[in-house]
Amino acid sequence: MVAALPAQITVFERGWLSSNNVLLTGSHEAVLVDSGYCTHGAQTVALVEDALQRRPLDRIVNTHLHSDHCGGNAQLKQRYPALSISVPYTQLADVQAWREDVLTYQATGQQCPPFQAHDGLRPGDMVEMGDLTWLVVGGAGHDPDEVLFFEKTNGILISADALWQHGYGVVFPELDGAGGFADVAATLDVIESLAPKIVIPGHGPVFVDVEEALARARRRLHQQRSDPQSHAWHALKVLLKFKLLEQGRMERSSLLKWALCMPHGRGLSQRYFASEPSAALVTRALESLIRSGAARRSGAWIEDVS
Ligand SMILES: [Zn+2]
């Protein structure tokens with residue numbers, strides 16, 4: 001079923017390398033929620049330009065600062081120099097100082113061109129976007145600093161990576177041993193209490209079967225909590241696949257070397273697969289991706305299959 005969104009909301013459904021982007025055109029301000037991955041920056045700028053025509057983009061609002069959600073910020077700022085950027089308030093200082101270690105780009109081995117943020121979003125704040133009033137909702141779990149946006153009149157939730165039609169994003173704090181499953185559960189409860197009618201997720205299509213999506217997410221969470229190693233295994237494959245999406249193809253040896261150097265890869269290997277040498281683990285994960293059809297081998301190269 002195609003969900004009916006107000007005319008001033010346009011969703012650019014992207015893919016997995018770039019998050020979806022939500023363009024909200026109000027009478028005074030045009031706002032973009034999330035900006036995709038940096039290698040898709042030119043495409044993101046073109047999508048925004050095409051939708052806004054001669055009108056400028058005034059503001060970017062980031063649900064969280066994973067590279068696939070804010071990687072287009074710098075390029076959009078170049079195109080629209082007057083635009084301001086809002087980020088979760090807990091990360092404002094880290095953005096201003098551009099601490100790549102804290103901002104996850106080192107941990108995931110991903111790229112994000114530096115940008116400057118202008119203000120912070122706090123859960124409980126009300127923000128105007130597209131002539132609509134949105135409640136900022138804390139969405140910890142996948143990312144401890146993530147925020148969601150809820151518009152009560154139409155029942156619209158911008159859910160980022162806290163809830164997709166089929167699941168939610170990797171629970172990264174779990175990989176570090178910081179814990180995140182309890183936060184995922186709490187965030188799903190909050191979403192249920194808001195009773196959204198339409199959900200615009202960070203990846204995948206807009207959906208309206210919210211109860212079913214919540215039930216699927218809770219089943220996944222239950223499975224991950226009962227078998228945290230399977231979650232870590234899934235995370236390793238997601239990180240490898242993301243790298244392949246970014247590069248298109250890589251020499252097998254370079255890809256394995258990258259995976260072994262990536263801090264999240266090292267951390268989850270030590271924490272969840274202590275009895276298996278890291279090199280064997282990442283090789284096994286890559287073979288699994290190939291078997292499932294997400295990648296293919298071509299001589300010394302591994303190619304992405306999308
Ligand atoms: Zn994310």
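Throughout these legends, buried means under 20% relative accessible area, exposed means over 50%, and partly exposed is in between (1.4 Å probe, protein chains only). This is a predicted model, in which local features need pLDDT of at least 70 and side-chain atom pairs count only at pLDDT 80 or more, while totals for chains, interfaces and linings use all residues. Residues are numbered from 1 along each chain as its sequence is written, and side-chain values use heavy atoms, with hydrogens and water left out.

View 1. Together with Asp-94, Arg-99 and Asp-101 are linked in a network of salt bridges.

View 2. Helices (H or I, at least four residues) and strands (E, at least two) are DSSP runs, numbered from the N terminus. Arg-218 pairs with Asp-189 in a salt bridge whose closest N and O atoms are 2.8 Å apart. This pair links distant parts of the chain, with Arg-218 in helix 8 and Asp-189 in helix 7 (residues 181-194), 29 residues apart. Arg-218 also forms a salt bridge with Glu-192, at 3.0 Å between the closest N and O atoms. Since Glu-192 lies in helix 7 and Arg-218 in helix 8, this pair ties together parts that are 26 residues apart in sequence. Relative accessibility is 28% for Arg-218, 43% for Asp-189 and 45% for Glu-192.

View 3. An automatic or database domain assignment divides the protein chain into domain 1 (9-226) and domain 2 (229-304). Their C-alpha centres lie 26 Å apart. Counting contact as heavy atoms within 4.5 Å, 22 residues of domain 1 are in contact with 20 residues of domain 2. The two domains bury about 1,700 Å² between them, 61% of it on carbon and sulfur atoms; buried area is the accessible area (1.4 Å probe) that two parts lose on being put together, summed over both. Helix 2 (67-70), helix 5 (105-108), helix 6 (172-175) and helix 8 (210-226) are the elements that give two or more residues to the side of domain 1 that touches domain 2. Zero salt bridges are counted between the domains.

**View 4. Ser-159 in strand 10.** Ser-159 sits in strand 10 (residues 156-160) and is buried, with a relative accessible area of 0%. Its side chain reaches the backbone oxygen of Leu-163 at 2.7 Å. Leaving out residues up to four places away in sequence, Ser-159 touches Glu-146, Leu-148, Val-199, Ile-200, Pro-201 and Gly-202.

**View 5. Two loop residues with positive phi.** Most residues other than glycine have a negative phi. Asp-34 has a phi near 70°; this residue is in the loop between strand 3 (30-33) and helix 1 (41-52) and is buried, at 3% relative accessible area. Trp-98, with a positive phi of about 45°, lies in the loop between helix 4 (92-96) and helix 5. Trp-98 is buried too, with a relative accessible area of 16%.

Technical notes. A salt bridge is a side-chain nitrogen of Lys or Arg within 4 Å of a carboxyl oxygen of Asp or Glu. A polar contact is a pair of N or O atoms within 3.5 Å; within protein, one must be able to donate a hydrogen and the other to accept it, and residues adjacent in sequence count only if both atoms are side-chain atoms.
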